[in-house]
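My notebook is open and I have a new structure to look through. I'll jot down what I looked up, one topic at a time.

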Amino acid sequence: MSINPSWFITGTDTGIGKTAVAIALLDALSARGITAVGLKPVAAGCVWEEAAWVNDDVRLLQAHSRLPVTLSEINPYAFEAAMAPHLAAAALGVLIAFAKIKTAYDALRSRAAVVIEGAGGFLVPLGPEGSVADCCALLQAPIILVVGMRLGCLNHALLTVEAIQNRGLTLMGWVANQLDPHMMAFEENLTTLKEAIAAPCLGVMPYGAPTTESSAWLNLEPLLK
Ligand SMILES: Nc1ncnc2c1ncn2[C@@H]1O[C@H](COP(=O)(O)OP(=O)(O)OP(=O)(O)O)[C@@H](O)[C@H]1O
Ligand SMILES: [Mg+2]
């Protein structure tokens with residue numbers, strides 16, 4: 001078995017910057033000469049292209065992966081409907097099988113460091129085999145939590161941290177994503193989170209960072225220890 005590292009990126013909600021952070025991490029690893037690849041085990045919200053269901057996140061992860069991979073290699077489950085994955089799967093009579101996800105993960109990890117992007121938030125159900133958290137526990141990848149900095153994020157962040165800790169999983173670090181350039185008391189909220197979360201803040205992703213595609217804000221060091 002390979003010793004390539006891997007990280008599981010989860011977030012305080014859907015649409016709060018998991019893909020943006022995953023891409024920045026892939027780019028930063030690449031800049032350090034580390035061959036890395038993205039993995040999105042379950043994607044909901046896909047379009048039919050070139051005889052396959054294709055998801056924007058998966059395309060981005062593929063484009064920022066140093067390892068050449070096909071879309072299906074990095075996305076075992078792709079659903080057309082942009083809805084909760086267990087509902088999208090059930091509507092098609094599909095079981096999201098964790099063994100299939102583990103097989104995809106192991107295949108990638110034997111060749112490169114793997115940056116896994118979860119679906120939605122940490123406790124999102126994936127069907128009869130469990131939730132995103134259960135899938136994360138199976139893969140045993142240390143977690144990076146993306147906090148979408150907006151009103152309500154303290155509660156969402158601390159609930160997620162508690163859920164990670166209660167499962168005995170490793171929170172390796174977290175990212176404050178500045179989704180809203182006008183958030184009131186941004187610095188005070190940041191300080192509150194730094195004091196409350198017993199894992200390093202890997203950086204503040206500035207507003208607009210996905211457009212500039214800069215990963216200079218990201219501190220890789222705690223991840224590579
Ligand atoms: N720091 C930022 N500044 C400006 N826009 C941002 C920032 N972070 C994320 N966005 C934008 O917000 C949207 C959602 O981000 P992203 O797709 O990374 O979220 P996600 O958590 O991966 O969502 P999903 O749950 O759908 O996978 C995207 O359009 C992205 O470009
Ligand atoms: Mg995403």
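These are my entries, and I kept in mind that the model is predicted.

**Entry: a pair of helices**

I started with helix 5 (residues 98-109) and helix 6 (residues 132-139). Their axes are 10 Å apart, and the helices pack at an angle of about 45 degrees. Who makes the contact? On the helix 5 side I found Phe98, Ile101, Lys102 and Tyr105, and on the helix 6 side Cys135, Leu138 and Leu139. I sorted the residues of this contact by type and got six nonpolar, one charged and no polar.

**Entry: Asn55**

Next I went to Asn55, which sits in the loop between strand 5 (52-54) and helix 2 (56-63). Is Asn55 buried or exposed? I found 23 C-beta neighbours inside 10 Å, and 20 or more is what it takes, so Asn55 counts as buried. Then I listed its contacts, skipping neighbours within four places in sequence: Lys40, Ala43, Gly45, Cys46, Asn75 and Ala78. I also checked Asn55 against Leu218, 163 residues along the chain, and their C-alpha atoms are separated by 25 Å.

**Entry: around ligand 1**

How many residues surround ligand 1? I got 18, and the closest are Thr14, Lys18, Thr19, Ala20 and Pro210. Helix 1 (18-31) and helix 9 (209-212) are the elements that give two or more residues to this shell. Helix 1 gives the most, with three residues. By type, the shell around ligand 1 divides into nine polar, seven nonpolar and two charged.

A reminder to myself: most residues other than glycine have a negative phi.

- Ala51 has a phi near 65 degrees, a positive value. I found Ala51 in the loop between strand 4 (47-49) and strand 5. Ala51 has 6 C-beta neighbours inside 10 Å, so I put it down as exposed.
- Ala185 has a phi near 55 degrees, also a positive value. Its place is the loop between strand 9 (171-177) and helix 8 (186-196). For Ala185 I counted 10 C-beta neighbours inside 10 Å; the cut-off for exposed is 12 or fewer, so Ala185 counts as exposed.

Conventions. Residues are numbered from 1 along each chain as its sequence is written. Chains are lettered from A and ligands numbered from 1 in the order in which they are written. This is a predicted model: local features need pLDDT of at least 70, side-chain atom pairs count only at pLDDT 80 or more; totals for chains, interfaces and linings use all residues. Axes are lines fitted to C-alpha atoms, for helices over the stretch in contact, and angles run from 0 to 180 degrees between N-to-C directions. Helices (H or I, at least four residues) and strands (E, at least two) are DSSP runs, numbered from the N terminus. Two residues are in contact if their C-beta atoms, placed from the backbone, lie within 7 Å. Ala, Val, Leu, Ile, Met, Phe, Trp, Tyr, Cys and Pro count as nonpolar, Asp, Glu, Lys and Arg as charged, and the others, Gly among them, as polar. A residue is near a molecule or strand if its C-beta atom, placed from the backbone, lies within 6 Å of it.
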